[in-house]
Amino acid sequence: MKMSRIQNPENVIQVDNLSKSYGDVTAVNDMSFSVKKGEIFGFLGPNGAGKTTTLSILEGLRKLDRGRVRILGMDVNDKAKSIKSQIGVQLQSTSLLPDLTVFEQVQLFSRLYGYQLSRHEIMSLLEQVGVDNKAKSLPDNLSGGQKQRLALALALVNQPKIVFLDEPTTGLDPQSRRVLWDLIRELCDQNKTVVLTTHYMEEAEALCHRVGIVDNGRLVVLDTPGNLIANLAGISSITTSAHLPLAEFQHLPTVVQAQHDGTKLTIQTHDVAATLRSILDLAEKHCVSLSNLYIQQPNLEDVFLNLTGKRIRS
């Protein structure tokens with residue numbers, strides 16, 4: 001899948017030792033990172049990991065307890081108003097005004113930012129996000145995907161340099177999700193910076209130049225999806241429903257772990273070719289026909305499990 005290039009290495013977001021607590025609960029714990037101009041930067045983690053709190057501080061919606069955050073060279077504590085005029089924000093849930101059409105929603109939001117967009121400019125923006133054919137429709141007549149695309153249009157009315165998207169595809173069907181992915185890539189191609197949160201592994205792999213894995217308020221690791229996966233030392237999984245003796249796999253030098261759940265055998269290995277040869281030899285030895293044999297390469301789900309000891313949807 002084609003990944004858009006980062007066109008400018010300049011840091012537009014700089015976060016140093018950011019911390020935020022709510023009573024006895026630490027939501028963000030000593031987090032530091034930077035984001036480059038034109039980058040699609042992702043926070044990956046389960047609900048409650050601290051992703052949304054971090055974004056809300058960057059957006060100027062919450063006050064930090066400790067640390068420092070600079071957006072476009074400006075401190076969020078001192079220049080919040082100036083920062084807000086140059087960023088776009090799509091929240092997890094956008095409240096649309098029920099009695100205004102799609103066109104009127106964009107018109108109102110643009111005026112709140114001090115813009116007087118022409119009809120042509122509004123329709124061009126709606127066309128960009130693929131809801132121009134719904135310009136006269138009320139929110140209740142939009143699908144979930146159309147509402148999300150309208151919310152993205154509202155985040156773009158002020159022509160922002162940085163766009164923050166908080167779990168933008170949650171609850172969408174696969175087709176609507178991929179449409180939104182294409183829109184996010186287009187923003188990157190326009191040299192806008194995109195910061196998004198997600199708990200979808202495939203979304204982070206497909207979109208992000210770099211991914212920060214967040215767990216319990218901490219930034220566990222930050223790197224490109226490819227490097228994160230490569231650092232797992234190439235551990236792959238082989239599964240089969242063939243009835244082969246588990247004990248004969250557990251001592252093979254190429255096997256990291258082998259287990260049987262009653263219906264299928266799962267073997268984790270750092271040498272797929274050698275392990276496949278062993279499976280074929282054992283199948284021939286025990287006169288077993290191999291069936292439903294699958295090979296799964298490592299992905300970000302495996303990275304998260306390896307780093308945190310739990311699955312992202314736990």
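1. Cysteines. The sulfur of C208 lies 10 Å from the closest cysteine sulfur, that of C188, which is too far for a bond. A disulfide is taken here as a pair of cysteine sulfur atoms within 2.5 Å, and by this rule the count is 0 disulfides. In general terms, a disulfide is a covalent bond between the sulfur atoms of two cysteines. C208 has a relative accessible area of 1% and is therefore buried, whereas C287, at 73% relative accessibility, counts as exposed. Buried means under 20% relative accessible area, exposed means over 50%, and partly exposed lies in between, with a 1.4 Å probe and protein chains only.

2. Basis of the values. This is a predicted model, in which local features need pLDDT of at least 70, side-chain atom pairs count only at pLDDT 80 or more, and totals for chains, interfaces and linings use all residues. Residues are numbered from 1 along each chain as its sequence is written, and side-chain values use heavy atoms, with hydrogens and water left out.

3. Overall architecture. The protein chain contains 11 helices and 14 strands; helices (H or I, at least four residues) and strands (E, at least two) are DSSP runs, numbered from the N terminus. The C-alpha trace spans about 75 × 45 × 40 Å along its principal axes. Of the 314 residues, 47% count as buried. Among contacts between residues at least 6 apart in sequence, 68% join residues at least 24 apart; contact means heavy atoms within 4.5 Å.

4. Helix α1. In helix α1 (residues 51–58), 7 of the 8 residues are buried, so the helix is largely enclosed by the rest of the structure. The buried residues are K51, T53, T54, L55, S56, I57 and L58. G60 follows α1 and has a positive phi, near 85°.

5. F43 in strand β3. F43 belongs to strand β3 (residues 40–44) and counts as buried at 1% relative accessibility. Apart from neighbours within four places in sequence, F43 is in contact with M31, F33, K51, T54, L55, V195, L196, T197, T198, G212, V214 and L219. By way of contrast, F43 and E248 are 205 residues apart along the chain, and their C-alpha atoms are separated by 41 Å.

6. T239 in strand β11. T239 is found in strand β11 (residues 236–240). With a relative accessible area of 16%, T239 is buried. Leaving aside neighbours within four places in sequence, its contacts are K264, L265, T266, N292, L293 and Y294. T239 and T54 are 185 residues apart in sequence, and their C-alpha atoms lie 39 Å apart in space.

7. Helices α3 and α4. The axes of helix α3 (residues 102–112) and helix α4 (residues 119–128) come within 10 Å and cross at roughly 110°. That angle makes α3 roughly perpendicular to α4. Axes are lines fitted to C-alpha atoms, for helices over the stretch in contact, and angles run from 0 to 180 degrees between N-to-C directions. Angles under 35 degrees count as roughly parallel, over 145 as roughly antiparallel, 65 to 115 as roughly perpendicular and the rest as oblique. The crossing is right-handed: a crossing has this hand if the near helix is turned clockwise from the far one by less than a right angle, and is left-handed if anticlockwise. V102, F103, V106 and Q107 of α3 meet R119, I122, M123, L125 and L126 of α4. These residues divide into 7 nonpolar, 1 polar and 1 charged. Ala, Val, Leu, Ile, Met, Phe, Trp, Tyr, Cys and Pro count as nonpolar, Asp, Glu, Lys and Arg as charged, and the others, Gly among them, as polar.

8. Helices α5 and α6. The axes of helix α5 (residues 144–155) and helix α6 (residues 174–189) come within 10 Å and cross at roughly 15°. The two helices are therefore roughly parallel to each other, and their crossing is right-handed. On the α5 side the contact is made by G145, Q148, R149 and L152, and on the α6 side by S176, V179, L180, L183 and L187. By class, this contact has 5 nonpolar, 3 polar and 1 charged residues.

9. Positive phi values. Most residues other than glycine have a negative phi. D30, in strand β2 (residues 25–36), has a positive phi near 55°, and at 43% relative accessibility D30 counts as partly exposed. Q159 lies in the loop between α5 and β7 (162–166). The phi of Q159 is also positive, near 50°, and at 58% relative accessibility Q159 counts as exposed.
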